[in-house]
Amino acid sequence: MANIAQVLKEEVSRIAKKEIKANTAVLKRDCIRLKKDVADLKRRLAAVERDNKLLMKQTAKVKAVVETSTTTSEDLKKIRVTGAMIIKLREKLGLTQNALGQLLGVSGQSVYQYETVEGKLNLRDKTKAALAQVRQMGKREAQKALEDMG
């Protein structure tokens, strides 16, 4: 009789293990999928943090340039901006109207309109300040500034 009890005990144990394995297989798959999702999210977060850090550096550089700008309102009043000057500046820097517009903080259409006007242009102080900075740039600096912007 001891043999039958032993055989029954082993058979019950075997069937219980089989049932447990079948029930936990789904949980294991879900656990593996969740671990992969967490790893993917960690990678994406690291990429976003890298991009954010880069943007913060670029923003700090732009702020430093704006803060160290020595153009005062008196200097801006002295600047006489004409359409011909805009054309010459754009050609000197080898920029398109859209690219110069990005540097000045205006649209390419605005640059086109500036270029077609004869005589003195009435620009906002912000645009005049940006124009004063762009006038001090060379081709390489202008290209680098465009790359940093976008």
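Is Val 111 buried or exposed, judged by its relative accessibility? Val 111 counts as buried, because its relative accessibility is 0%, where buried means under 20% relative accessible area, exposed means over 50%, and partly exposed is in between, with a 1.4 Å probe and protein chains only.

Before I go on, a word about the model. This is a predicted model, in which local features need pLDDT of at least 70 and side-chain atom pairs count only at pLDDT 80 or more, while totals for chains, interfaces and linings use all residues. Residues are numbered from 1 along each chain as its sequence is written, and side-chain values use heavy atoms, with hydrogens and water left out.

Let me stay with Val 111, which is found in helix 5; helices here are DSSP runs of H or I with at least four residues, numbered from the N terminus. Leaving aside neighbours within four places in sequence, Val 111 is in contact with Ile 86, Arg 90, Gln 97, Leu 100, Gly 101 and Val 106, where contact means heavy atoms within 4.5 Å.

Now to the core. In soluble globular proteins, nonpolar side chains tend to be buried together. In this model the largest nonpolar core has 23 residues, and those with the most contacts inside it are Val 81, Ile 86, Leu 95, Leu 100, Leu 103, Leu 131 and Val 134; by a nonpolar core I mean a set of buried Ala, Val, Leu, Ile, Met, Phe, Trp, Tyr and Cys residues joined through side-chain atoms within 4.5 Å. At least two residues of this core come from each of helix 3 (83-93), helix 4 (97-104), helix 5 (108-116), helix 6 (125-135) and helix 7 (139-149). If we look at Val 134, and do not count residues up to four places away in sequence, we find that Val 134 touches Leu 89, Leu 93, Leu 100, Leu 103 and Leu 104.

After helix 4 comes Gly 105, whose phi is positive, near 85°.

How do the helices pack? Two packed helices are described by the angle between their axes and the distance between the axes. Helix 4 and helix 6 pack at an angle of about 115°, with their axes 8 Å apart; axes are lines fitted to C-alpha atoms, for helices over the stretch in contact, and angles run from 0 to 180 degrees between N-to-C directions. That angle makes helix 4 roughly perpendicular to helix 6, because 65 to 115 degrees counts as roughly perpendicular, under 35 as roughly parallel, over 145 as roughly antiparallel and the rest as oblique. Here Leu 100, Leu 103 and Leu 104 of helix 4 meet Thr 127, Ala 130, Leu 131 and Val 134 of helix 6. By class, the residues of this contact are six nonpolar, one polar and no charged, where Ala, Val, Leu, Ile, Met, Phe, Trp, Tyr, Cys and Pro count as nonpolar, Asp, Glu, Lys and Arg as charged, and the others, Gly among them, as polar.

Helix 3 and helix 5, in turn, pack at an angle of about 125°, with their axes 6 Å apart, and so helix 3 is oblique to helix 5. In this pair, Gly 83, Ile 86, Ile 87 and Arg 90 of helix 3 meet Val 111, Tyr 114 and Glu 115 of helix 5, and the contact has four nonpolar, one polar and two charged residues.

Which class does Ile 87 fall into, buried, exposed or partly exposed? Ile 87, which is found in helix 3, is partly exposed, with a relative accessible area of 27%. Ile 87 and Glu 115 are 28 residues apart in sequence, yet 6.1 Å apart in space, C-alpha to C-alpha.

Finally, helix 1 (residues 2-67) holds Arg 33, which is partly exposed at a relative accessible area of 44%. Arg 33 and Met 56 are 23 residues apart in sequence and 34 Å apart in space, C-alpha to C-alpha.
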